[in-house]
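This briefing covers salt bridges, surface patches and strand pairing in one protein model. Please read it alongside the sequence and coordinates.

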Amino acid sequence: MTPAERLQQMLRGFDVTQLIYVVAKLGVADHLEDGPRSSGELARAVGADPRALYRVLRAVASIGILARRGRDRFELAPLGELLRTGPPNSMRDSAIMWGEEWSWRAWGALLHSVQTGSTAFEHVAGMGLFEYLERNRGAAEIFNNAMTRGSEAMVDEIVDAYDFSGIAKIVDVGGGHGAFLAGLLKANPQISGVLFDVPSVIEGAGDRIAAAGVADRCELVGGSFFESVPQGGDAYILKWIIHDWEDSKAVAILRNCRSAITEHGRLLLVERLLPAADEPYSQLRGDITMMVLPGGMERTEAEFRALLESAGFRLSEVIESPSELNVLVGTPI
């Protein structure tokens, strides 16, 4: 491509998001699980206008999500398989989340964030992201489903990367519906756990914990980590939590963990680290996502070190995993 063609492709990135969103939201991939179907058959199955759906499927096939068989038959390409509901590596929930209006409207206010330093989501919605999710159960379900899928995808690599031996009780702070904690407890039968999140989220966690077979070792507790966290854990794990918040709120969460942790306990932050230089775009994109949606940021190791010290912890170790995630180990000062 010429530079102009490449830039044009970048400028139109939003239309790719919406094309994938429509396919995911309608469940098209699930209806192609057994083989090719015509656009008319798919339209009847998903409740769409046949001509409009055909045009979308044709466009989606051109970017490799589907494969076209003849003029009007489509089947799943390898990328499209990731939009099915069932597989453990499914990205359908993420595709729906990124395409929902409450998500993309905030990106439309990025300029506001840059000019003012405030959060784009709050500007367009009149409230913060997590308050919005508390008030809008449909959006919360989409968000929690996407976060659960992300947790399921990462738990094995974190369990392999970090040695959880010697831990008797672990508190998962902001643990959502418990997919990560359930996987951790299954891999470490000597550990009991506490799943802690806001009450509306905890309400949806019981079935998942029970299905994982760890309900007898997992307590569910509702509350706000800005007020306190459950006492007495010898390990506190916060996965994708601290990056959601600006420094003063991040320190407030960490200080509550410091007040609750045992004398020789461990604080485990599962986060991406921004390198000091030559940052890959995927990580920088994540940093802008934090600015636009919850108002937080991705941080360097030095920035995490300073946060932890402000909250009464020493950053004692940084453990890399096969992905961009790291386990930052804090010990009480």
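A residue counts as exposed when its relative accessible area is over 50%, as buried when that value is under 20%, and as partly exposed in between. By this rule Arg-135, with a relative accessible area of 58%, is exposed. The model is predicted. A search of the whole structure finds 15 salt bridges, and several of them are described below.

**Salt bridges**

- Arg-135 is the partner of Glu-131 in a salt bridge, and the closest N and O atoms of this pair are 2.7 Å apart.
- Both residues belong to helix 11 (residues 129–135), where a spacing of four residues separates Glu-131 and Arg-135 by about one helical turn.
- The two ends of this pair fall into separate accessibility classes: Glu-131 is partly exposed at 37% relative accessibility, whereas Arg-135 is exposed at 58%.
- Glu-33 and Arg-84 meet through their side chains in a salt bridge, with an N to O distance of 3.1 Å.
- Glu-33 sits in the loop between helix 3 (28–31) and strand 1 (37–38), and Arg-84 in the loop between helix 6 (78–81) and helix 7 (92–99), so this pair ties together parts that are 51 residues apart in sequence.
- The relative accessibility of Glu-33 is 48%, so Glu-33 counts as partly exposed.
- Arg-84 also forms a salt bridge with Glu-81, whose closest N and O atoms are 3.1 Å apart.
- Glu-81 has a relative accessible area of 33% and is therefore partly exposed.
- A network of salt bridges links Asp-93, Arg-149, Glu-152 and Arg-208.
- Side chains of opposite charge can pair when their charged atoms come close.

**Surface patches**

- Helix 5 (residues 50–62) supplies three residues, the largest share of the positive patch.
- Arg-71 is located in the loop between strand 2 (66–68) and strand 3 (73–76).
- With 56% relative accessibility, Arg-71 counts as exposed.
- A nonpolar surface patch consists of Leu-7, Met-10 and Leu-11, which together have about 330 Å² of accessible area.
- Leu-11 belongs to helix 1 (residues 3–11), and its relative accessibility of 55% makes Leu-11 exposed.

- An open sheet is built from three strands in the order 1-3-2, with antiparallel pairing.
- Strand 1 and strand 2 stand at the edges with a single partner strand each, so one side of each has no neighbour in the sheet.
- Two bridges join strand 1 and strand 3 in the antiparallel sense.
- Ser-38 has Arg-73 in strand 3 as its bridge partner.
- Strand 7 (residues 235–239) pairs with strand 8 in the parallel sense over five bridges.
- The bridge partner of Tyr-236 is Leu-267 in strand 8.
- Is strand 8 (residues 266–272) mostly covered or mostly open? Strand 8 is mostly covered, since five of its seven residues are buried, and buried here means under 20% relative accessible area.
- In a regular strand the side chains alternate between the two faces of the sheet.

Technical notes. Residues are numbered from 1 along each chain as its sequence is written. This is a predicted model: local features need pLDDT of at least 70, side-chain atom pairs count only at pLDDT 80 or more; totals for chains, interfaces and linings use all residues. Side-chain values use heavy atoms; hydrogens and water are left out. Buried means under 20% relative accessible area, exposed over 50%, partly exposed in between (1.4 Å probe, protein chains only). Two strands pair if DSSP finds at least two bridges between them. A salt bridge is a side-chain nitrogen of Lys or Arg within 4 Å of a carboxyl oxygen of Asp or Glu. Patches are made of residues with over 30% relative accessible area and no salt bridge: like charges are joined within 9 Å, nonpolar side chains (Val, Leu, Ile, Met, Phe, Trp, Tyr) within 5 Å. Accessible areas come from the Shrake-Rupley method with a 1.4 Å probe; for residues, only the protein chains shown count as cover.
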